Amino acid sequence: MARRLAVPGVTALALIAAAACGKYPDLKNDLKIVNVLSGYHDAGITPDHKNKLVPSLTFQLKNDGADTLSYIDLAVDYWQVGDDGPLDSKLIVSAIGGHSLQPGQTSESITVRADTGYTSEAARVDFFTNSVFKGFTAKVYAKFRGRTTPLGELKVEPRLLPSTSRDGNRP
């Protein structure tokens with residue numbers, strides 16, 4: 001008798017698991033990076049009294065597909081121009097979380113800053129004309145249920161971004 005009850009129970013669990021997995025969205029075509037602001041964030045003064053600038057991106061995600069998107073993480077790799085691998089990587093867990101992104105909707109702004117950048121005793125505005133300055137490119141990937149999809153490469157513009165406080169106002 002217990003065996004007869006176990007078979008429908010296992011079958012029901014398999015059906016529930018399959019429904020929970022659902023189909024994979026076509027993130028390459030349906031999820032777009034929009035409203036990009038790139039540049040270098042003033043990360044302050046290092047312990048050895050040098051100015052520090054780090055590459056920074058602010059952007060939004062737009063759902064250009066027909067299906068609702070949710071539970072999507074992002075990975076951003078910062079590549080220094082001419083290098084053969086990323087210099088820094090960031091993972092943004094739940095960039096699109098339980099608050100689903102409906103078709104046609106655009107997400108809140110997402111800011112991703114590297115920890116690695118440039119340090120110098122020179123003035124911040126002189127960083128970009130220094131002979132050792134090499135720009136950065138950011139490669140953005142979406143992650144959904146173990147699959148990674150490239151969304152695009154963005155050039156980090158050689159400019160100093162304005163400082164803002166948490167509420168968006170300048171200090």
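Biologist: Leaving aside its neighbours within four places in sequence, with which residues is L151 in contact?

Modeller: Contact means heavy atoms within 4.5 Å. By that test L151 touches L27, L31, I33, L61, L74, V140, Y141 and A142, its neighbours within four places in sequence being left aside. The model is a predicted one, in which local features need pLDDT of at least 70 and side-chain atom pairs count only at pLDDT 80 or more, while totals for chains, interfaces and linings use all residues. Residues are numbered from 1 along each chain as its sequence is written, and side-chain values use heavy atoms, with hydrogens and water left out.

Biologist: Where is L151 found, and does it count as buried or exposed?

Modeller: Helices (H or I, at least four residues) and strands (E, at least two) are DSSP runs, numbered from the N terminus. L151 belongs to strand 8. Buried means under 20% relative accessible area, exposed over 50%, and partly exposed in between, with a 1.4 Å probe and protein chains only. Because its relative accessibility is 15%, L151 counts as buried.

Biologist: Which residues touch the most other members of the largest nonpolar core?

Modeller: In soluble globular proteins, nonpolar side chains tend to be buried together. A nonpolar core is a set of buried Ala, Val, Leu, Ile, Met, Phe, Trp, Tyr and Cys residues joined through side-chain atoms within 4.5 Å. Here the largest such core has 32 residues, and L31, L61, L74 and Y78 touch the most other members. Two or more residues come from each of strand 1 (31-45), strand 2, strand 3, strand 4 (88-96), strand 5 (110-113), strand 7 and strand 8. Strand 7 gives the most, with five residues.

Biologist: Where is A95 found, and with which residues is A95 in contact?

Modeller: A95 is part of strand 4. Leaving aside its neighbours within four places in sequence, A95 contacts I72, D73, L74 and I110. Its C-alpha atom and that of A75, 20 residues apart along the chain, are separated by 9.6 Å.

Biologist: By which residues is the largest pocket lined?

Modeller: On a 1 Å grid over the protein atoms alone, a pocket is an open set of points where a 1.4 Å probe fits, with protein on both sides within 12 Å along at least five of seven lines; lining residues have an atom within 4 Å of a point. The lining of the largest pocket consists of A95, I96, G97, G98, H99, S100, L101, T106, S107 and E108. These residues divide into three nonpolar, six polar and one charged, where Ala, Val, Leu, Ile, Met, Phe, Trp, Tyr, Cys and Pro count as nonpolar, Asp, Glu, Lys and Arg as charged, and the others, Gly among them, as polar. The pocket has a volume of about 150 Å³, the space filled by probe spheres set on the points, which are joined across faces, edges and corners.

Biologist: Is phi of Y71 positive or negative?

Modeller: Most residues other than glycine have a negative phi. Phi of Y71 is positive, near 55°. Y71 lies in the loop between strand 2 (51-63) and strand 3 (72-80), and Y71 is exposed because its relative accessible area is 54%. R145 likewise has a positive phi, near 45°. The loop between strand 7 (136-144) and strand 8 (147-155) holds R145, which is partly exposed at a relative accessible area of 41%.
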